[in-house]
Amino acid sequence: MYKERFGNIPNKDKIIDYLEKAFKDKSDRWIIKSWLCGKTAEKMAKDLGLDPDIALASASLAQIGKSYTSENNFLEGFKILRADSYFFPAKIAISQSFPLKNLELYKDIYDLDPKEEEFLRNFLYSYDYTDYDYLVQYLYMVFDENFVGLEKGMELFLDRSYPALFRERFYELEEYFLPKLDGDIEAYLIRAKKSKFPYKLFRD
C-alpha cells in the first residue's frame, strides 16, 4: 500500500509472508517478539497520532535481517526491505538498533568494516528520526517473547558494553510515550491464545 510522505508500506499479508519465510529459512523465536512489537505498535498508533499500518509494518519488520544473519542484522534488514521498495521500514530496520546517533558509542557493540561504518555514519547524520523510529526502539526494549517492561528489558538487552547514556535514552522514550496512552502498555497487548500468528509456527 502507498502512504503519503512514507511511500510503499507492506500490508499485513506481506508482513506475515516475510516472517513466515524467515522462519522457514532460519527458525527462531525472535519472530514472536517482532510480531508482538508490531501488533502493539498498531494498537497504540492512534493514541500516539500515528498511522496503524505504518506502525505495524515498521515494528514487525525491524529485525527481519535476522532471517539471514544474527550479526549486524540491521544492515541485512535494510537491504531486504529496500530491495522491495519499502524504503521507510528499511530505515527503521537500521534506526531500531541505533537509539543514539553517535556511532562512536557502538564501537564495542557492533563489529563494522570501514564501508559499513561510513554508510551508517552518513545514514545517522542525514536521517531525521520520527515517532515511528522512537516507538520501535522503545517497544523492542520492553518485549522479549512477552511484555517484560523497561527495567527487565534493559537488564536483558543492555550489557556492560552499553554506556549509561543508553539507559537514560530509554527512560526518556518511556516518559515521552506513556503519558500519551490511554492506560498502561498492557492495555494494548494482544492475547497469545487469540493470535494464530506467529504462535502456530512453534506448535509441535
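Predicted model: local features only at pLDDT ≥ 70, side-chain atom pairs only at ≥ 80, totals over all residues.
1. **Helix α9, its length.** Start with α9, which covers residues 164-177. The helix has 14 residues. From its first C-alpha to its last it reaches 21 Å, close to the 20 Å expected at 1.5 Å a residue.

2. **Helix α9, its two sides.** Which residues of α9 are buried? They are F166, R169, F170, L173 and F177. Seen down the axis of α9, these buried residues fall within an arc of 95 degrees, so they line one face of the helix. On the other side, A164 and E175 are exposed. Note that R169 is on the buried list, whereas E175 is exposed.

3. **Helix α4.** Now look at α4, residues 73-83. Its buried residues are N73, F74, L75, G77, F78, I80 and L81. Just after this helix comes S85, with a positive phi. Point 8 returns to S85.

4. **The largest pocket, its size and centre.** The volume of the largest pocket is about 550 Å³. Its lining holds 25 residues. Which of them lie nearest the centre? They are Q63, K66, Q96, F157 and Y162.

5. Several helices contribute to the lining. α2 (30-44), α4, α7 and α9 each supply at least two residues. The largest share, three residues, comes from α7. By class, the lining has 11 nonpolar, seven polar and seven charged residues.

6. **R5.** Most residues other than glycine have a negative phi. R5 has a positive one, near 75 degrees. Where is R5 found? R5 sits in the loop between β1 (2-3) and β2 (7-8). Its relative accessible area is 71%, so R5 is exposed.

7. **S85.** The phi of S85 is also positive, near 65 degrees, and S85 is not a glycine. This residue lies in the loop between α4 and α5 (87-95). Is S85 buried, partly exposed or exposed? At 28% relative accessibility, S85 counts as partly exposed, because buried means under 20% and exposed over 50%.

Key
Residues numbered from 1 in each chain as written. Heavy atoms only, no water. Helix = DSSP H or I, 4+ residues; strand = E, 2+ residues; numbered from the N terminus. Expected span 1.5 Å × (residues − 1). Buried < 20%, exposed > 50% of the residue type's maximum accessible area, 1.4 Å probe, protein only. Arc of directions from axis to C-beta. 1 Å grid on protein atoms, 1.4 Å probe; cavity = no way out; pocket = protein on both sides within 12 Å on 5 of 7 lines; lining within 4 Å. Points joined across faces, edges and corners; volume = space filled by probe spheres on them. Nonpolar A, V, L, I, M, F, W, Y, C, P; charged D, E, K, R; others polar.
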